Amino acid sequence: MIKKTLPIVLLLVFTFAMTGCKNNAAEANTSEAEAAAVSESSSEKFTVNVAQSTIEWKGFKPTGTHNGTISLDNGVFKTDGGKLQSGTFLIDMNSITVTDLEAGDGKEDLEAHLKGTVEGKENHFFDVSKFPSAAFEITSTESLAAGKTRLSGNLSIKGQKHNISFPVTITNSNDQMTIESDPFTIDRTKWNVNYGSKSIFEDLGDKFINDDIELKISISARKA
């Protein structure tokens with residue numbers, strides 16, 4: 001009886017371990033890049049407060065996860081009648097930070113690997129010396145239920161541009177606007193971030209990194 005049940009137990013343990021390293025966030029709809037949205041000349045302009053804005057990221061692998069933040073470099077949005085219509089923001093890829101590790105315990109090594117500042121590993125992830133900025137430009141917005149908005153825009157990373165759509169909550173009052181997304185995922189390989197991907201490289205065994213990266217965007221902007 002023990003011999004019969006042991007393989008089942010091992011299978012359940014393995015399944016739980018693999019499930020535990022996956023994310024539960026919805027994947028952003030991804031398609032070809034589209035024309036950027038354009039607002040009327042009379043639109044109100046909002047400038048991003050980079051000190052109060054951030055992008056949280058999370059990566060997944062069989063043995064666990066890593067997470068951190070990325071800062072914005074600048075950004076501008078325009079509204080018509082109080083409704084977000086267009087806008088862009090730049091992402092400072094040199095600001096990639098790992099927050100789940102302590103200094104001296106692998107934090108600096110992982111940050112350097114992600115940025116591509118390690119000789120011979122420049123293109124493993126984001127190669128910031130060659131691609132110091134990423135960018136997002138709004139292509140459309142769509143009202144959803146429960147006060148949410150579907151935000152669509154072109155995301156440019158490492159010279160690759162694709163349109164993604166994901167739900168956000170937008171508040172606009174007292175000359176202050178905030179845009180906060182639900183957690184969502186993107187397939188990093190679409191932006192040529194291929195290191196450790198089972199869909200790109202064979203024979204990785206359990207030493208792979210999930211293609212999906214989870215992101216959560218929080219932006220604060222003030223009327224110019």
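**Salt bridges in the predicted model**

At 40% relative accessibility, Lys161 counts as partly exposed, a class that lies between buried (under 20% relative accessible area) and exposed (over 50%), computed with a 1.4 Å probe on protein chains only. The structure is a predicted model, in which local features need pLDDT of at least 70 and side-chain atom pairs count only at pLDDT 80 or more, while totals for chains, interfaces and linings use all residues. Residues are numbered from 1 along each chain as its sequence is written, and side-chain values use heavy atoms, with hydrogens and water left out.

Lys161 joins Glu137 through a salt bridge with an N to O distance of 3.4 Å, the term meaning a side-chain nitrogen of Lys or Arg within 4 Å of a carboxyl oxygen of Asp or Glu. This pair links distant parts of the chain, since Lys161 sits in strand β9 (residues 160-173) and Glu137 in strand β7 (residues 133-143), 24 residues apart. Strands here are DSSP runs of E with at least two residues, numbered from the N terminus.

In total, 7 salt bridges are counted. One of them pairs Glu44 with Lys223 at 3.1 Å, N to O. Glu44 belongs to strand β3 (residues 44-48) and Lys223 to strand β12 (residues 212-223), so this contact ties together parts that are 179 residues apart in sequence. Glu44 is partly exposed at 35% relative accessibility, and Lys223 is also partly exposed, at 30%.

A further salt bridge connects Glu142 and Arg150, whose closest N and O atoms are 3.5 Å apart. Glu142 is partly exposed at 44%, as is Arg150 at 28%. Finally, salt bridges with shared partners bring Glu44, Asp175 and Lys223 into one network.

Conventions
Helix = DSSP H or I, 4+ residues; strand = E, 2+ residues; numbered from the N terminus.
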